[in-house]
Amino acid sequence: MPRPTDPRFRATTAFQRHVANPLMRRMPLQTLLETTGRVSGLPRRTPVGGRRTDGSFWLVSEFGERSQYVRNIKADAKVRVRIRGRWHTGTAHLLPDDDPVARLRTLPRGNSTAVRLLGTSLLTVRVDLDR
């Protein structure tokens, strides 16, 4: 895959990787998505915004298939989600046919606004939580 050259993508992912994510992962009530690294096999935790609805957790990736956690999901769909401090296991599904802009209207406003402003290629992700 060629190196991304979009300045917004590069600036946002650099900020997330080096500043925001390390801080947010430490916040006990921050929602986290844990995937398995497709190369390393190690757990990878990413702060996300989304909403639990019945037996699923919904989120929108701001960089679609360019997001590292989406690439990890493509390799192994088994994930964990920390919601309000509790871990839940589940299976992630990438939904390219879902309308991510409409989906963002159903998710928490603060994160949805940031995703709309910073995102370049939105992709809906649904995690079906194990019961």
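R131 counts as exposed, because its relative accessibility is 83%. In this predicted model, R131 lies in the segment that follows strand β7, which spans 123-129. R131 belongs to a patch of positive charge on the surface, where it gathers with R51, R52, R84 and R86.

R84 sits in the loop that links β5 (78-83) to β6 (86-95). With a relative accessible area of 71%, R84 is also above the cut-off for an exposed residue, which is set at over 50%. Although 53 residues separate R84 from T31 in sequence, the C-alpha atoms of R84 and T31 are 6.7 Å apart in space.

The segment after β7 also holds D130. The relative accessible area of D130 is 43%; because partly exposed residues fall between the buried limit of under 20% and the exposed limit of over 50%, D130 is classed as partly exposed. When neighbours within four places in sequence are left aside, D130 is in contact with T89 and G90. For the pair D130 and G90, the separation along the sequence is 40 residues, while the C-alpha to C-alpha distance is 5.1 Å.

Key: Residues are numbered from 1 along each chain as its sequence is written. This is a predicted model: local features need pLDDT of at least 70, side-chain atom pairs count only at pLDDT 80 or more; totals for chains, interfaces and linings use all residues. Side-chain values use heavy atoms; hydrogens and water are left out. Patches are made of residues with over 30% relative accessible area and no salt bridge: like charges are joined within 9 Å, nonpolar side chains (Val, Leu, Ile, Met, Phe, Trp, Tyr) within 5 Å. Accessible areas come from the Shrake-Rupley method with a 1.4 Å probe; for residues, only the protein chains shown count as cover. A salt bridge is a side-chain nitrogen of Lys or Arg within 4 Å of a carboxyl oxygen of Asp or Glu. Lys and Arg count as positive and Asp and Glu as negative; His and the chain ends are not counted. The place of a charge is taken as NZ of Lys, CZ of Arg, CG of Asp or CD of Glu. Helices (H or I, at least four residues) and strands (E, at least two) are DSSP runs, numbered from the N terminus. Buried means under 20% relative accessible area, exposed over 50%, partly exposed in between (1.4 Å probe, protein chains only). Contact means heavy atoms within 4.5 Å.
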